[in-house]
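Good morning, and thank you for coming.

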Amino acid sequence: MNIVFKSVVLLLLTTFLNSAYSGPNIFEFETEVTVASWLFPESPLYKGQKDNNYSIALESEVYTEWDEGGSFVFTPFILLDSNDDNRSHLDIREALYSWYGDDWESSLGIGQVFWGVTESKNLVDVINQFDVVYDPLLKTKLGQPLTNLTLIRDSGYYELFILPYFRERTSPGKKGRLRGDPEFSKGGAKFEGGSQWTPELAIRWSNSFNDYDLSVHSFFGYSRAPSIDVMIVDAQLKYEQNYQRVRQIGGTFQKTSEATLYKMEWLAKDGQKDANFRRGGYFSTVFGFEHTLYKAIGEAGDLGFLMEYNFDSRRSRSNDSLQDDVFMAFRLTLNDTDDTQMLLGSILDLDGDGQIHQIDFGKRLNDSLTFGIKGAIYQNGKYNSNIYILRQDSWVEINLKQYF
Amino acid sequence: MKNLIKITLFFITTFIFSISVAFGETPEEKGLRLAIEADLTGDGFIDTVSKSQMTLRNAQGEESIREFSSKTLEVENDGDKSIFIFHHPKDVKGTATLTFTHKTGPDDQWLYLPALKRVKRISSDNRSGAFVGSEFAYEDLSSQEIEKYTYKWIEDVPCPGDEQAKCYLSESYPVEKSSGYKRRVSWVDIDEHRVRKIDFYDRKDKLLKTLVFSDYKQYLNKFWTAHTLKMVNHNTGKETDISITETKYQTGLKDSDFNRQSLKRAR
């Protein structure tokens, strides 16, 4: 982390030197503060766990841009949690220097990259690690040190990424909910090859053809999802996160057809250990559609219906809960002055391993304040499955976000 | 090329017109001719950049403000390319859309969500939907292509609110089934082809909204731009005003300023 810190300082210094030289023509500074409360209706299962918790998160963004085709963005993030020390953390979401011309772009620093098209899960998003403790619905990512070159040609967008450092997944501590028992020990993760400083490589092509958007990528590096090693240390059961080096190819497809979007993501991966801690190859995919009925609610409200199927060829040996599951959801977009939006969804396991029901609601209270409700219900998980482990941890988050 | 086609079209229509004057031009032919003439006055703008403020007002008079900027590039032989960027309120700051308008068939549209860094291909089928909760529908603000409507001239009348000037009253009928309108009735001044007022009729042919254009300024001795747009919804009593605070023509934008990569950089 020390080296990451030094790189950031170096980047900041370069930026200010650069700005002193040419003078940025845009300089912006913004801050958002989120106050949130997590409520758990059921009492905790494991020793040390607390009931409800409260948190405050602060994210600032500094952005500068030069006429010659360059920009720098710096986005530090800090979360303080009332119970869980592991949940309280600092992250640099972005510290990215970018240069660009007519048909290319290059960047260096810490960045965020989104490649997915589907809604229940984004298999292909491999550049960043998820910030699970902040956002169990897996929409928020940790900043990833990277260098990137993108070439824009008639035949498509060609992207190359070199990732010098691997970020391990955040996980709850002893006092935190949404974990197994015992919790993962802090600093106990193991990385194949020994060091998080083992470079990773990703290449990607993407393009649009009329109604079709396509992409293909290849990745060589650490699996973003850990495999869990079960050990007995001093007659005590221990779980340890292990990250293996993997090779994968994957892609996305979307057809936009009037009010219906057809979407697919797929992945073929080799090198990761499964739930039985055996190494092997597997194939995994998410596909489905989203259909919107415009102006179906009130004066201008849209009602969307989403359905996606998640498949993983490892089935019960998969370390992903969504391996033979159907995702169904309603999306309400009221198109009102408050931008009221809600996603109500359910994940139904076809092998009988339980259901997850999710809610994500948001609206604006005034020009600089928003209100949100998020939550998940975990029920009917098979003995020892991920959903079973979370059976007492159904949660609801209520948050207020103030923009400065 | 685009101009050439339009000019040819213009001459052909003029030619047909000269013949039909002898035999009498139908209201539909006159409507189309006027629409083409009006469209030609906007040709050759190459590109524009503008900043706008939108005021949404409900029936009780409560207001909320939106700020956005847009960039548009004229494309030969097809509809324009444009980028919309939101600045205010702060929770939508940085949200942007990229649209490739097509003369025929659906437009291509992508949405950029800055919090997720996600570029999402979206359906352009929602043309009748409310733009950011305002009284403007997406189709009211998108690039107006001749081919998207059929036309009919009604009569020549004094311009609304400006009795000295002479306007032609004409109707246009959307070709796309997804449009929220059966017809639009427009008052356009004969001298400069500036739209002064539009009445929007819903699918049941009931008067839904009225849009009034004012504060016209001319740029580069050619292009007239209205700086104030007032939309009133007769059903709900809600109003939306757009005030264009800044407009620039021919700023040197390139095709490369309108792709998915530049959408992510749009500020």
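Let me start with a definition: a salt bridge is a side-chain nitrogen of Lys or Arg within 4 Å of a carboxyl oxygen of Asp or Glu. What we have here is a predicted model, in which local features need pLDDT of at least 70 and side-chain atom pairs count only at pLDDT 80 or more, while totals for chains, interfaces and linings use all residues. Residues are numbered from 1 along each chain as its sequence is written, chains are lettered from A and ligands numbered from 1 in the order in which they are written, and side-chain values use heavy atoms, leaving out hydrogens and water.

With that definition, the side chains of B:D205 and B:R183 meet in a salt bridge, at 2.7 Å from N to O. B:D205 sits in the loop between β10 and β11 of chain B and B:R183 in strand β9 (residues 181-189), so the pair ties together parts that are 22 residues apart in sequence. Strands (E, at least two residues) and helices (H or I, at least four) are DSSP runs, numbered from the N terminus. Are these two partners buried or exposed? Buried means under 20% relative accessible area, exposed over 50%, and partly exposed in between, with a 1.4 Å probe and protein chains only. B:R183 is buried, at 16%, whereas B:D205 is partly exposed, at 32%.

Over all chains, the search finds 57 salt bridges. In chain A, A:D351 and A:R315 form one, with the closest N and O atoms 3.4 Å apart. A:D351 lies in the loop between β18 (341-349) and β19 (355-366), and A:R315 in the loop between β16 (301-312) and β17 (324-333), so parts 36 residues apart in sequence are tied together.

I turn now to the interface. Here 48 residues of chain A are in contact with 32 residues of chain B, contact meaning heavy atoms within 4.5 Å. The two chains bury about 3,600 Å² between them, 44% of it on carbon and sulfur atoms. Buried area is the accessible area (1.4 Å probe) that two parts lose on being put together, summed over both. A:F114, A:Y157 and A:D367 supply 16% of the area that chain A buries against chain B, more than any other three residues.

How many salt bridges cross the interface of chain A and chain B? The rule finds 11. One of the salt bridges in the model joins A:R364 to B:D91, with 2.9 Å between the closest N and O atoms.

Finally, the interior. A nonpolar core is a set of buried Ala, Val, Leu, Ile, Met, Phe, Trp, Tyr and Cys residues joined through side-chain atoms within 4.5 Å. The largest such core has 21 residues, of which B:M54, B:F131, B:F136, B:L211 and B:L229 touch the most other members. Among the elements of chain B that each supply at least two residues of this core are β1 (47-57) and β3 (81-88). Apart from it lies another core, of 15 residues, including A:W38 and A:Y378.
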